[in-house]
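Student: I am new to this structure. Could we go through it together, please?
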Amino acid sequence: MRSIVLILIMCFTYYSHAAISFNDLYLKSLSNNELIKSKKAELNNAKINKSMAWSSLAPTVSANYVHTKQQIPDSVKASGLSIREDQITSALNVQQPLFQGGGEYYGLKAASVDINRAQSELEEQKRQIYIQLTELFYNYLALVSDNKNNEKLINSVARRVNELKQRARVGRSNPADLLSAQAQLSQLKANLNLSQAQAENLKHSLYEITGEEITGQLIDKLNTPKQLPSLGVWMEKLQQRSDIVTQKQILKISELQKNITQTQHMPKLSVDGIYYFERTGNFFESDWSVSLNLTLPIFEGGQTYFESKKNTQQILIQKLNLTNLSRRSEIQLKNQFKLTQALFEQVKQYKSTLEISQKAYNQQMRDYRSGLISYLEASQAERDYFEILKTADRQEYELKKQWLKLKAQAGDLK
């Protein structure tokens with residue numbers, strides 16, 4: 001029994017602290033994020049609205065029952081007219097719209113387009129979450145990388161402090177060098193504590209997006225391509241980006257709304273049928289009646305005319321919004337492409353720079369131990385090397401972050 005409990009505890013500990021990748025976080029967000037759930041609910045509403053639009057073409061069926069009790073004057077009774085004090089009418093009414101000016105068909109089209117609009121808005125929300133996660137995830141990993149390199153520097157400076165203490169005992173080192181090294185070590189530890197707290201805060205910030213506390217270790221599984229695809233490839237994808245598609249759908253709905261308004265000038269035709277279960281009066285022997293109803297609008301105070309003018313202005317507004325969105329998106333994509341392209345080159349250069357810097361650092365450390373250079377020179381060389389090391393690692397994560405943002409700017413989330 002103890003073995004089973006131990007195994008369960010070990011499994012729980014493993015899964016609760018398992019390594020988590022960017023894709024894992026993104027999938028958590030798609031499942032838990034309230035904004036995603038809200039957009040899904042809007043999509044369901046749009047589907048319901050389409051079903052409601054279909055109902056405008058369906059017949060209307062109703063049943064009614066009227067029981068009238070009235071007093072019959074003596075004069076009417078004396079006249080010999082057959083009028084009952086109790087009159088009961090019960091019937092089944094059916095109304096079938098035949099033609100409502102065509103607005104009902106435009107309404108169906110608009111409802112279908114609105115479903116596409118809601119779907120595009122859902123995809124846009126996913127894209128925005130993708131961008132937010134990219135920013136948080138790689139900023140966190142960059143901080144973690146800085147902290148690891150700072151720990152290496154702290155260990156190196158700590159060794160240097162011990163060396164200076166030994167040298168100071170035999171008079172081979174200036175006491176000021178030891179004090180300088182100890183001050184540097186203290187400052188590095190303080191900076192590391194602050195940076196580690198900042199990294200944890202970034203990790204906790206993921207809860208807002210993913211809807212789940214992240215307890216496991218975050219790992220990077222992304223491999224950037226060796227060569228950046230050309231700008232033309234990204235520009236082709238841009239027109240299918242979710243926010244641009246959404247704006248196109250909104251424009252189309254505005255155009256259909258104008259068509260719906262214009263159909264208010266058209267005649268409307270419907271058929272009404274009544275089947276009587278019980279009937280009083282002169283037609284008490286008649287069981288049914290059918291009527292064909294034609295309505296032709298002539299003048300409604302100009303309401304339809306002005307509504308159509310408003311629709312025209314709304315179409316113009318949506319066209320301008322689409323043009324503006326497309327232009328801004330193109331500019332943002334081009335800027336993102338240039339930034340990512342520059343980072344590709346910078347990362348390549350930093351790899352060679354880091355190799356040279358490491359060789360120079362190792363040589364200067366040998367010179368320092370041989371007494372050829374002072375501690376201050378060795379300390380500066382050490383700081384320079386670790387700064388290049390941190391920058392090189394940070395640039396790797398920055399490249400991955402900007403690469404994913406470039407994909408997101410083009411609407412490619414795969």
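Tutor: Let us begin with a definition: buried means under 20% relative accessible area, exposed means over 50%, and partly exposed lies in between, with a 1.4 Å probe and protein chains only. At 30% relative accessibility, Glu 123 therefore counts as partly exposed. The model is predicted, so local features need pLDDT of at least 70 and side-chain atom pairs count only at pLDDT 80 or more, while totals for chains, interfaces and linings use all residues. Residues are numbered from 1 along each chain as its sequence is written, and side-chain values use heavy atoms, with hydrogens and water left out.

Student: Which residue forms a salt bridge with Glu 123?
Tutor: Lys 126 does, with the closest N and O atoms 3.5 Å apart. A salt bridge here is a side-chain nitrogen of Lys or Arg within 4 Å of a carboxyl oxygen of Asp or Glu. Lys 126 counts as buried, at 18% relative accessibility.

Student: Why are Glu 123 and Lys 126 separated by about one helical turn?
Tutor: Because they are three residues apart in helix H5. Helices are DSSP runs of H or I with at least four residues, numbered from the N terminus.

Student: And Arg 117, what does its side chain meet in a salt bridge?
Tutor: Asp 114, at 2.8 Å from N to O. Both Arg 117 and Asp 114 are buried. The two also belong to a network of salt bridges that links Lys 39, Glu 42, Asp 114, Arg 117 and Glu 121.

Student: How many salt bridges does the count come to?
Tutor: The count comes to 17.

Student: New topic: at what angle do H5 and H10 pack?
Tutor: Helix H5 (residues 103-169) and helix H10 (residues 375-409) pack at about 170°, their axes being 9 Å apart. Axes are lines fitted to C-alpha atoms, for helices over the stretch in contact, and angles run from 0 to 180 degrees between N-to-C directions. H5 and H10 are therefore roughly antiparallel, a term for angles over 145 degrees.

Student: Which salt bridge does Arg 394 form?
Tutor: Arg 394 pairs with Asp 146, and their closest N and O atoms are 3.2 Å apart. Arg 394 lies in helix H10 and Asp 146 in helix H5, so the pair ties together parts that are 248 residues apart in sequence.

Student: Is Asp 146 buried or exposed?
Tutor: Asp 146 is buried, with a relative accessible area of 11%. Arg 394, at 28% relative accessibility, counts as partly exposed.

Terms used
Helices (H or I, at least four residues) and strands (E, at least two) are DSSP runs, numbered from the N terminus. Angles under 35 degrees count as roughly parallel, over 145 as roughly antiparallel, 65 to 115 as roughly perpendicular and the rest as oblique.
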